[in-house]
Amino acid sequence: MMQLCFDFDKVQVEPVIMPVGTGSPDPSVARRSRGQMAYQSGRLAEMAAADRYLAAGYEMVVRRWRGKAGEIDMILRKGALFVFVEVKSSRDFAHAAERISRRQMDRICMAACEFCGGLPAGQSTEMRMDAALVDQFGRVEIIEAAFGAH
């Protein structure tokens with residue numbers, strides 16, 4: 001059996017003085033880390049929701065489409081119908097749904113109209129606004145025609 005022994009009298013330790021109340025020398029590092037984690041979580045949620053739509057026979061038109069009115073997470077198509085999807089993830093479906101504000105719904109509707117303006121049928125294009133909710137386990141609940149009836 002081997003025993004370790006340290007002689008702390010011979011070790012020189014330089015004190016590090018940090019300002020009171022800071023857990024990290026640079027708070028932006030923690031903020032960037034949280035931001036990166038949220039970005040990756042959002043991407044995984046979008047992938048899970050896309051898989052559900054594709055399995056149901058929808059065709060992916062574009063992901064993260066950005067227009068003047070804002071960004072739409074996914075635009076899918078099934079026949080003549082264009083589906084505009086807002087993906088939200090949280091610990092459960094109820095909390096994910098609560099994260100979609102009225103202002104965000106309006107922005108998505110305006111962006112969808114902007115997108116359809118470039119299609120042959122224009123504003124007469126058949127469209128639907130869905131919410132794809134993803135819980136902490138990666139389960140997906142799709143709410144068809146969640147907002148912006150057209």
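**Exercises on buried rings and a buried lysine**

Both Trp65 and Phe115 are buried (under 20% relative accessible area with a 1.4 Å probe, protein chains only; exposed is over 50%, partly exposed in between). This is a predicted model, where local features need pLDDT of at least 70, side-chain atom pairs count only at pLDDT 80 or more, and totals for chains, interfaces and linings use all residues. Residues are numbered from 1 along each chain as its sequence is written, and side-chain values use heavy atoms, without hydrogens and water.

**Exercise 1.** Classify the ring pair of Tyr53 and Tyr58.

*Solution.* 
- Start with the rule: rings of Phe, Tyr and Trp (its six-membered ring) pair if their centres lie within 6.5 Å; planes under 30 degrees apart are stacked, over 60 edge-to-face, the rest tilted.
- The structure holds four aromatic pairs.
- Now check burial. Tyr53 has 2% relative accessibility, so Tyr53 is buried.
- Tyr58 has 11%, so Tyr58 is buried too.

**Exercise 2.** Find the charged end that sits over the ring of Tyr58.

*Solution.* 
- Apply the test: NZ of Lys or CZ of Arg within 6 Å of the ring centre and within 35 degrees of the ring normal.
- Lys78 passes, with its charged end 4.7 Å from the centre.

**Exercise 3.** Describe the setting of Lys88.

*Solution.* 
- Lys88 lies in strand β3 (residues 81–89); strands are DSSP runs of E, at least two residues, numbered from the N terminus.
- Its relative accessible area is 11%, so Lys88 is buried.
- Beyond four places in sequence, Lys88 touches residues including Ala96, Arg99 and Val134 (contact: heavy atoms within 4.5 Å).

Technical notes:
Helix = DSSP H or I, 4+ residues; strand = E, 2+ residues; numbered from the N terminus.
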